[in-house]
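Me: I'm new to this one, and I'd like to understand the terms as we go. Could you show me the structure first?

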Amino acid sequence: MDRQTLHRTLSPHGRSRVARRFRVFYFITVLSGLAAVIIETMNGLPAWLQILTAATNIAVAVLFCIEWALRIYVAPEEWLMEARRARLQYLTSPAGLIDLFAAAALPLGIAVGLRQDDQPLFCVLWVLKFVRYSAGLSMVGRVIRSELAALTSVLTVFSVVLLTSATLAHLLERERQAEAFGSIPAAMWWAIVTLTTTGYGDVVPLTVGGRIVGGFVMVSGIAVFAMWAGILANGFAVELRRRSFLRTWDLVSRVPLFADLGSTVIADIVHQLRVEEMRAGTVVFRRGQIGDRMYFIVSGRVRIELTPTPIELGEGAFFGEFALITGAPRSATVTIVENAELLVLDIADFRDLAVKRPELTQAIHAEADRRRATPVATPPSSSDGA
Ligand code: CMP
């Protein structure tokens, strides 16, 4: 395997079968390593389980060492610069440091002189190995970065309420509970437990004033966390929309019919198209069904069951347009023959497009006319119907 192929295999975005298999293997490795570390901390394990967990830890640590070495080797494919600089770039990047730490976790436990049963404890940090491959986790990072200003202002409100309430509680309660409220830092423990609505109940205000402050802090806590939740939920929604927009954009620009339209028109169309992935063998629709959408093939192949000779359509082609143009039932059954990524255009959006982008629907009409002139499809029979 050459360096470029190896890089594609190790990349979280690799789409080849080997890359997908590597990702499954990688997840199983991390999960087994973590399971072994967790189980090892339990008391009274049978000897065979102790041996198994220890062996798993060593095997996983060795695999991470090999992975780290391979990533150093392929680094020049990731950062297109001189090989030594690219490798240094990888070694000092957050991902490189996580990989280094994962590879060194077990020896590190031994080096810092932990007890023999505690030596694998550093391996809990193997959980960080998920970061690189988890789209969800990197999304959390992006959401936090994009909402940082709003989150910081809520944090400021939180700090103001925390400090004010701790100061007031200190003034009101210090006479009666010198230990818990004798200083502002001591009163802060009560304030934070109350503000976060955790309420351990280990310290409670006894004076009327203290209780009024307590009530105010509880309500403020709910408000602050509601604001935080709202900001994060909105950030996630925006990020999800952005990702789906980018993905659809990428797919739309791969369909020749749209590719020539220019970015402004594509941006318009992206909102009207939906991505659907279908596996080989799936029936997209059957002859005789009512058709309310058409499909553009981004990747994969479909078979139009025309009689007597079915035909196959591949990347860039579209199907299902007859039903939208004429309102007639589907003229043929369509099945997926090779795993496919399709863009779906619903009938309402097709009509909308006909008004906004007549040149596009004209191209679809022209292709439909050409296909109709090829008289291979037979009329629907009741036995094939939906
Ligand atoms: P529709 O009738 O909605 O559903 C079946 C689809 O098969 C049809 O739209 C066309 O998109 C496609 N189809 C039918 N006949 C042909 C043909 N001769 N060549 C290519 N595609 C066809």
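Me: In which hand does helix 11 pass helix 13?

Reply: Helix 11 passes helix 13 in a right-handed crossing. A crossing is called right-handed if the near helix is turned clockwise from the far one by less than a right angle, and left-handed if anticlockwise. Helices here are DSSP runs of H or I with at least four residues, numbered from the N terminus. Do keep in mind that this is a predicted model, where local features need pLDDT of at least 70 and side-chain atom pairs count only at pLDDT 80 or more, while totals for chains, interfaces and linings use all residues. Residues are numbered from 1 along each chain as its sequence is written, and side-chain values use heavy atoms, with hydrogens and water left out.

Me: Why is helix 11 called oblique to helix 13?

Reply: The axes of helix 11 (residues 208-252) and helix 13 (residues 263-270) come within 10 Å and cross at roughly 120 degrees. Angles under 35 degrees count as roughly parallel, over 145 as roughly antiparallel, 65 to 115 as roughly perpendicular and the rest as oblique, so helix 11 is oblique to helix 13.

Me: Which helix gives the largest share of the shell around the ligand?

Reply: Helix 14 (residues 321-326) does, with 3 residues.

How values were computed
Helix = DSSP H or I, 4+ residues; strand = E, 2+ residues; numbered from the N terminus. Axes fitted to C-alpha atoms, helices over the stretch in contact; angles between N-to-C directions.
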